[in-house]
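Subject: A structure to look at

Hello,

Here is the structure I promised to pass on. Please open it and have a look, then read on for what turned up.

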Amino acid sequence: MSDPPIITMEGLFSLLLLLVLSLVAVFFHLIRIYFNSPVDFSMDWNLFLSWIPLIVAFLADNFTKRFGKIPVWLIILSFIWLAFFPNAPYMITDLAHLTVDYQRDLTWHDTIMLFFYAEVSLFNGLVSLYWIHRSWRRVFSRSVSTVFLLMSLPLAGFGVYLGRVRRMNSWDILHDPMAILKNLFESALDRTALVFSMEIGMLLGILYLVLWAIIRFRIRHSRKTIEAAD
């Protein structure tokens with residue numbers, strides 16, 4: 001019996017679908033540029049950053065499916081995933097840049113564009129969370145994987161806070177780790193940071209719970225259908 005493939009079509013289909021959504025978001029931005037908007041690719045860069053945790057989680061999911069229990073490699077991939085995971089919900093905060101002017105022709109285009117970028121970025125984050133959680137469940141016990149999941153949610157919120165309020169980014173872990181440590185200590189007892197982190201964490205948790213419930217229901221329904229056919 002041959003070994004299962006490392007890369008599965010199930011994962012590739014999800015990546016392809018998210019890629020199409022990302023290209024639609026970029027298309028909205030190109031329309032905005034066409035109407036004499038200043039060229040600013042910060043949204044596209046943020047969207048690209050939301051793909052990093054998605055790709056890392058995709059690799060973790062496929063490697064654990066193919067090679068089984070690889071705790072050391074999974075922990076390394078999990079740290080990389082966690083460092084970039086806050087980039088996915090970060091784009092929600094870009095909605096704060098929205099200027100509402102009902103006399104302006106492109107107000108509604110800007111609203112839809114910013115929402116679409118945030119939505120696609122959030123999709124990337126939720127799918128990556130599902131894949132990394134599934135990897136944890138394969139390698140560790142259910143209780144340990146649940147603890148990892150619950151810890152990752154407020155930590156992602158804290159990462160968003162560091163990015164939006166403290167103006168840090170994931171690359172600072174490599175090129176300016178002392179600044180990261182300084183901001184961590186300064187923000188640890190900051191009430192705004194704590195509230196911000198918990199609220200983003202709750203948002204991610206609720207959305208992930210919905211995603212998880214839909215997927216699990218589909219899997220169980222498919223199994224029952226197969227068993228009934230047999």
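Which helices do the buried residues of helix 3 pack against? They pack against helix 2 (42-67), helix 4 (87-90), helix 5 (107-139) and helix 6 (142-164), where contact means heavy atoms within 4.5 Å.

Some notes before you go on. This is a predicted model, in which local features need pLDDT of at least 70, side-chain atom pairs count only at pLDDT 80 or more, and totals for chains, interfaces and linings use all residues. Residues are numbered from 1 along each chain as its sequence is written, and side-chain values use heavy atoms, leaving out hydrogens and water. Helices are DSSP runs (H or I, at least four residues), numbered from the N terminus.

Back to helix 3: its buried residues are Leu74, Leu77, Ser78, Trp81 and Phe84 (buried is under 20% relative accessible area, exposed over 50%, partly exposed in between, with a 1.4 Å probe and protein chains only). They cover an arc of only 130° around the axis, so they sit on the same side of helix 3; the arc is taken from the directions from the helix axis to the C-beta atoms. Val72 and Phe79, on the other side, are exposed.

There are also twelve aromatic pairs (rings of Phe, Tyr and Trp, its six-membered ring, with centres within 6.5 Å; stacked under 30 degrees between planes, edge-to-face over 60, the rest tilted). One of them, Trp136 with Phe148, is edge-to-face, at 5.5 Å centre to centre and 70° between the planes. Trp136 is in helix 5 and Phe148 in helix 6, so this pair ties together parts twelve residues apart in sequence. Trp136 is buried at 4%, while Phe148 is partly exposed at 31%.

Best wishes

Definitions and conventions: Helix = DSSP H or I, 4+ residues; strand = E, 2+ residues; numbered from the N terminus.
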